[in-house]
Amino acid sequence: MSEQRAGGGSGLRDRLTPAQKEKLLQDVLRKRAASTADERIPRRSPGGPPPPLSFAQQRLWLVDRMEPGSPAYNLAYALRLRGALDVDALRRSLDALVRRHETLRTTLEERGGVPVQVIHPPAPAALEVVRVSGEAEAARLAAEEAARPFDLAAGPLLRCTLLRLAA
């Protein structure tokens with residue numbers, strides 16, 4: 001049974017009665033609550049053992065072992081900003097994000113044959129600023145950056161590059 005997602009076709013959602021929709025929603029919420037209660041991540045104690053990998057980190061680590069240097073899990077995002085940009089404010093914002101989110105400071109190591117997370121103390125995020133001559137060069141550099149692999153053990157696992165087209 002397939003559901004059309006765009007164009008307002010006759011999907012499953014359109015064929016359910018309001019009571020069926022409510023029952024389905026309650027079933028999903030009940031199952032989610034039951035599964036998340038069993039899958040909660042315990043709070044880490046300072047100086048305790050390194051935390052195990054999450055399911056997503058396990059996949060990432062496994063792909064890296066099977067295809068070293070693969071950019072398969074890279075998430076590249078480009079944003080075009082117009083107007084004056086305060087580069088120092090951008091740097092401070094990135095630093096605040098890295099300070100707040102441990103996942104942006106985490107590398108993956110193998111200890112005793114088991115992959116674990118290594119969470120590093122906050123450090124300034126590297127923001128490379130590159131002047132480019134035009135859109136074509138910017139697109140080329142963005143594509144190259146997206147395809148550049150990460151070293152999961154050495155990190156960092158976050159790279160930020162500002163491609164300046166103009167002052």
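Reply: What follows starts with the chain as a whole and then turns to the salt bridges.

The model is predicted. Its protein chain has five helices and four strands, and from the N terminus on these elements run α-α-α-α-β-β-β-α-β. Of the 167 residues in the protein chain, 17% are buried. The accessible surface of the chain comes to about 12,800 Å², and 57% of that belongs to carbon and sulfur atoms. Among contacts between residues at least 6 apart in sequence, 61% join residues at least 24 apart.

Now to the part in question. The count of salt bridges comes to seven, and one of them pairs aspartate 64 with arginine 65. The closest N and O atoms of aspartate 64 and arginine 65 are 3.0 Å apart. Aspartate 64 has a relative accessible area of 16%, so this residue is buried, because buried means under 20%. Arginine 65 has 38% relative accessibility and therefore counts as partly exposed.

Arginine 65 also forms a salt bridge with glutamate 110, where the closest N and O atoms are 3.9 Å apart. A salt bridge is defined by a nitrogen-to-oxygen cut-off of within 4 Å, so a pair at 3.9 Å is counted. Arginine 65 lies in helix α3, while glutamate 110 lies in strand β1, which spans residues 106–111; the pair therefore ties together parts that are 45 residues apart in sequence. Glutamate 110 is partly exposed, at a relative accessible area of 45%.

Strand β1 spans residues 106–111, and another salt bridge joins glutamate 109 to arginine 111. The closest N and O atoms of glutamate 109 and arginine 111 are 3.0 Å apart. Glutamate 109 counts as partly exposed at 27% relative accessibility, and arginine 111 is partly exposed as well, with a relative accessible area of 41%. Through salt bridges that share partners, Asp64, Arg65 and Glu110 are joined into one network.

Leucine 81 is placed in the loop between α3 (55–66) and α4 (87–100). Together with Tyr77 and Leu79, Leu81 forms a nonpolar patch on the surface. The accessible area of Tyr77, Leu79 and Leu81 together is about 410 Å².

To sum up, arginine 65 in helix α3 pairs with glutamate 110 in strand β1, and arginine 65 also has a salt bridge with aspartate 64.

Note on methods: Residues numbered from 1 in each chain as written. Predicted model: local features only at pLDDT ≥ 70, side-chain atom pairs only at ≥ 80, totals over all residues. Heavy atoms only, no water. Helix = DSSP H or I, 4+ residues; strand = E, 2+ residues; numbered from the N terminus. Buried < 20%, exposed > 50% of the residue type's maximum accessible area, 1.4 Å probe, protein only. Contact = heavy atoms within 4.5 Å. Areas by Shrake-Rupley, 256 points an atom, 1.4 Å probe, with all protein chains shown as cover. Patch = residues over 30% accessible without salt bridge, like charges linked within 9 Å, V, L, I, M, F, W, Y side chains within 5 Å. Salt bridge = Lys/Arg side-chain N within 4 Å of Asp/Glu carboxyl O.
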